[in-house]
Amino acid sequence: MSEEKKIPYKIYLEENEMPVSWYNVRADMKNKPAPLLNPGTLKPLTFEEMRGIFCDELCRQELDDTTAYFEIPEEIRKFYKMYRPSPLVRAYCLEEKLQTPAKIYYKFEGNNTSGSHKLNSAIAQAYYAKQQGLKGVTTETGAGQWGTALSMACAYLGLDCQVYMVKCSYEQKPFRREVMRTYGANVTPSPSDTTEVGRRILEEFPGTTGSLGCAISEAVEAATAREGYRYVLGSVLTQVLLHQSVIGLEAKAAMDKYGIKPDMIIGCAGGGSNLGGLISPFMGEKLRGEADYRFIAVEPASCPSLTRGKYVYDFCDTGKVCPLAKMYTLGSGFMPAPNHAGGLRYHGMSSVLSQLYADGYMEAVSVEQTSVFKAAEEFARVEGILPAPESSHAIKVAIDEALKCKETGEEKTILFGLTGTGYFDMIAYERYNNGEMTDYIPTDEDLAKGLAGIPKFPGNEI
């Protein structure tokens with residue numbers, strides 16, 4: 001173990017308990033995540049190949065799996081101080097309502113204008129683009145939280161921002177779209193006819209309401225076609241999990257201060273940014289043998305990459321223009337059902353979280369969306385925060401675990417991530433309240449269609 005790893009993480013906090021460094025959990029993983037592959041050569045993606053898509057410094061962070069801590073630049077720390085440290089709250093009213101002996105805590109990331117945790121990485125990625133002298137960035141967004149966060153960060157730093165928004169969200173969430181435009185972003189529904197890959201997807205899937213995989217393809221093409229632009233991503237990549245580690249570092253600092261040790265840590269899981277950020281310092285302790293925790297990833301039953309996907313190399317996007325990542329995947333051609341009301345629409349899972357799950361360090365469960373919205377409303381009525389649908393997946397399982405404690409009499413401590421607010425998700429809440437929301441669980445035949453598109457090469461058999 002290096003000298004750096006022996007240093008207590010507390011020294012990486014300012015006096016106000018806000019981190020001055022991001023924590024890279026890969027440094028403590030015995031089995032490192034598999035590298036990204038060039039789809040043409042099937043060899044690990046090099047820095048030179050990667051820098052045509054991403055900012056140079058972000059490429060370095062993406063490729064570095066040995067450095068435990070990365071210093072957060074002062075300008076980013078100054079920006080963080082507008083809304084960090086974020087609150088760690090004990091859900092006393094929810095505990096009372098459930099009549100559970102469990103102690104429930106949540107880390108609330110919705111206390112900023114963008115409304116979610118996504119701003120933690122958006123400002124970092126925009127900062128590195130600005131430092132490199134770029135004109136602007138392109139990206140995708142699903143529920144709209146990432147696009148909102150990136151447009152806010154770009155406005156702050158004076159960068160152009162081009163957002164490809166999953167079409168169903170573009171239509172269902174006009175107010176989220178208008179917040180992005182208010183911050184100066186150009187927002188295009190995806191798939192669109194503005195890119196070659198978008199036109200190809202529309203031809204192959206006529207009438208599709210889109211997916212994150214589609215929007216990623218368009219955003220990457222748009223970035224590579226414009227001089228002075230790079231692509232940035234709101235989840236999945238290891239650089240994003242690195243930036244989001246501020247969530248877990250703050251949560252751990254607060255809990256340590258009051259002598260609280262969570263028995264289980266629960267987070268929603270789409271691409272992995274929130275969950276990876278929340279669990280990272282706790283997972284580091286588990287990997288080093290210093291403490292033990294139970295980690296639970298919660299995903300939607302309509303897009304169940306961890307619980308029903310395959311752990312193989314797959315394209316990160318539907319248009320198959322991005323590198324191959326080894327991850328739990330449903331296939332890059334998988335399209336979530338149109339009635340899927342929240343984000344978490346990605347066909348795969350972070351390579352870091354996929355490796356941890358494969359190695360048995362983490363559990364995963366999938367939940368139906370009507371039960372998710374039931375939990376969301378129960379939480380809102382007693383805790384006073386209207387949660388995002390994505391966050392409500394974690395709320396649902398936190399309530400389930402608290403009720404198990406009620407049955408057994410165990411006084412367990414639960415920590416979950418409340419990733420953001422749901423005030424731009426009122427159409428989904430309206431559908432739930434009107435009894436119009438339904439559950440969709442893909443059949444094995446549905447999943448087989450997406451899995452059939454997984455690239456076939458030696459060692460990548462399903």
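Helices (H or I, at least four residues) and strands (E, at least two) are DSSP runs here, numbered from the N terminus. I'm working on a predicted model, where local features need pLDDT of at least 70 and side-chain atom pairs count only at pLDDT 80 or more, while totals for chains, interfaces and linings use all residues. Residues are numbered from 1 along each chain as its sequence is written, and side-chain values use heavy atoms, with hydrogens and water left out.

**Entry: leucine 45**

I found leucine 45 in the loop between strand E1 (21–23) and helix H2 (47–50). Its relative accessible area is 11%, so I log leucine 45 as buried (under 20%; exposed is over 50%, partly exposed in between; 1.4 Å probe, protein chains only). For contacts (heavy atoms within 4.5 Å), I skipped neighbours within four places in sequence and got Leu36, Leu37, Asn38, Met50, Leu63 and Pro323. I also checked leucine 45 against arginine 345: they sit 300 residues apart in sequence and 26 Å apart in space, C-alpha to C-alpha.

**Entry: cysteines**

I searched the whole structure for disulfides (a pair of cysteine sulfur atoms within 2.5 Å) and got zero. Cysteine 154 is in no disulfide, with the nearest cysteine sulfur, that of cysteine 161, 4.2 Å away. Cysteine 154 is buried at 1% relative accessible area.

**Entry: cavities**

My rule: on a 1 Å grid over the protein atoms alone, a cavity is a set of points where a 1.4 Å probe fits but cannot get out, and lining residues have an atom within 4 Å of a point. Points are joined across faces, edges and corners, and volume is the space filled by probe spheres set on them. I count six cavities of 30 Å³ or more.

The largest cavity holds about 350 Å³. It has 27 lining residues, and closest to its centre are Lys118, Leu212, Ser235, Gly271 and Leu344. Strand E5 (136–141) and helices H7 (145–157), H11 (212–224) and H13 (273–287) each supply at least two lining residues. By class I get ten nonpolar, 14 polar and three charged (nonpolar: Ala, Val, Leu, Ile, Met, Phe, Trp, Tyr, Cys, Pro; charged: Asp, Glu, Lys, Arg; polar: the others, Gly among them).

The second largest cavity is about 100 Å³. Its lining has eleven nonpolar residues, with no polar and no charged ones; Cys316, Cys322 and Pro323 are among them.

Key. 1 Å grid on protein atoms, 1.4 Å probe; cavity = no way out; pocket = protein on both sides within 12 Å on 5 of 7 lines; lining within 4 Å.
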